[in-house]
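Subject: Structure for you to look at

Dear colleague,

I am handing over the structure we talked about, and below it you will find my notes on how some of its parts pack together. Please read them with the coordinates open beside you.

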Amino acid sequence: MTGTRTPDALAEPDVPVRAGWVSLLFGANIGLWLGIYAPIQVLLPEQAEHLDAADKELVFGIVTGVGAVVALLTNPLVGLASDRTRSRFGRRHPWTLAGALCGALGLVVLALAPNVAVMVVGWCLVQAGLGGMLATLTSAVPDRVPVGQRARIGGLVGISQMLGTVLGAVLVTVLVTSLPGGYLACAAVVVLGAAAFVLRTRDIALPRDWRPATGFRAVLRELWVSPRRHPDFAWAWGCHFLINLGNALGTFFLLFFLKDAVHHPDPDTGLLIMMGLYGVALVIGGLVVGPLSDRTGRRKPFVLGAVVVMAAAAVVLVLWQTWPAALAASPLLGVGFGAYWAVALAILTEVLPAAQDRAKDLGVINIANALPQVIAPVSATVILAELGGYPGLFAASAVATLAAGAFVLRVRSVR
């Protein structure tokens, strides 16, 4: 690369971000997560049951698993590409908008899908587009937010994930009740959120003479982050992976859990109630823990507390597969996940190896979001059939979540 002065795009930010920028990032993230979780929680299970009622769990697992593999690959590749983009519109914004449009196209395909094969194609497009969008939106935090403000912003990002999940459930169960209409409504929200952020915020451009290695072999090499050279990055990645694996095992099959184990008379409404309780608790956890972590400068104690609370929620459902138990577990999981996300983004952005590879490295970290979506459906199908049914599934969720606490303790550069 050329140039003697570090470009503004790579400098460590020191000016606090304003409420307008935060609200637009918040809205884009809501659209992103709504586009992912409204299908996962409601639309894909219903479509799987409609297309193949006898093997609905298997169909759901195949569709989500294949899509997650696509997201696993797309996320770091789009991140790496955005790190090297020298457009006058900035590094991230072109990829954010392209990802939203690709994801929306996939949702349209799902709305029209006549069979499982087309479902797989549609969900792969969604995961490719929104996986890339996740890489660029996540990198906006280290690009623009000073370290002392990151837990508060991270808490809001976590809240946006919850709100996207809850609002998505409301959108596709209350406001738009047809399966195709639900997919199309999700597509519209994804594009609107991304467009508002891209058109109304500034993305600092990378100077054209700042040329990182772009050869094919160099690009492939840069996708690897050595655990030996960057152990804190590796331990933080492992913690994030296990938290997301535990969450996926505990939440992916909730609609079927309410139908087949709890025997709820209206599973869609039951899921909506659970998500509402989860959402309120998550907001509380994120809003309380984020500012407290920034004020004290400590991250790990809050992660450990969150891990214990989330595991407790899973244990409740191990012991009791009843509607009251589900109501009790939902806010426990929510407050724990909110507390975790309030500090997770702060930890993850503080262990990044190099400023010029922020989006690529965050894309590698976001594999920890996508990989559980591959592992969880397959693992859950085996556990439900052979290893204890729903009690076994929630026990596995608790074990994975508790293991995350051991990983975060190994991160040395963060208190």
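I begin with helix 5 (residues 150-175) and helix 12 (residues 323-350), which pack at an angle of about 130 degrees with their axes 7 Å apart, and that angle makes helix 5 oblique to helix 12. Please keep in mind throughout that this is a predicted model. The crossing of helix 5 and helix 12 is right-handed. On the helix 5 side the contact is made by Arg150, Ala151, Gly154, Gly155, Val157, Gly158 and Gln161, which meet Phe337, Trp341, Ala342, Leu345, Ala346, Thr349 and Glu350 in helix 12. Sorted by class, the residues of this contact are seven nonpolar, five polar and two charged.

The second pair is helix 2 (residues 56-83) and helix 4 (residues 116-144), whose axes come within 7 Å and cross at roughly 30 degrees. Because angles under 35 degrees count as roughly parallel, helix 2 and helix 4 are described as roughly parallel to each other. Their crossing, too, is right-handed, and the contact of helix 2 with helix 4 divides into 15 nonpolar residues, ten polar and no charged.

Valine 59, which lies in helix 2, counts as buried at 6% relative accessibility. If neighbours within four places in sequence are left aside, valine 59 is in contact with Ala48, Asp52 and Val116; between valine 59 and alanine 48 the C-alpha to C-alpha distance is 5.8 Å, although they are eleven residues apart in sequence. In helix 4 there is threonine 138, which is also buried, with a relative accessible area of 10%.

The largest nonpolar core has 115 residues, and within it Leu44 and Tyr340 have the most contacts. Helix 1 (residues 19-51) supplies the largest share of this core, 16 residues. As for leucine 44, again not counting residues up to four places away in sequence, it touches Pro39, Phe60, Val63, Thr64, Leu110, Met119, Trp123 and Tyr183.

With best wishes

Definitions and conventions. Residues numbered from 1 in each chain as written. Predicted model: local features only at pLDDT ≥ 70, side-chain atom pairs only at ≥ 80, totals over all residues. Heavy atoms only, no water. Axes fitted to C-alpha atoms, helices over the stretch in contact; angles between N-to-C directions. Helix = DSSP H or I, 4+ residues; strand = E, 2+ residues; numbered from the N terminus. Parallel < 35°, antiparallel > 145°, perpendicular 65-115°, else oblique. Left-handed = near helix turned anticlockwise from the far one by under 90°. Nonpolar A, V, L, I, M, F, W, Y, C, P; charged D, E, K, R; others polar. Core = buried A, V, L, I, M, F, W, Y, C linked by side-chain atoms within 4.5 Å. Buried < 20%, exposed > 50% of the residue type's maximum accessible area, 1.4 Å probe, protein only. Contact = heavy atoms within 4.5 Å.
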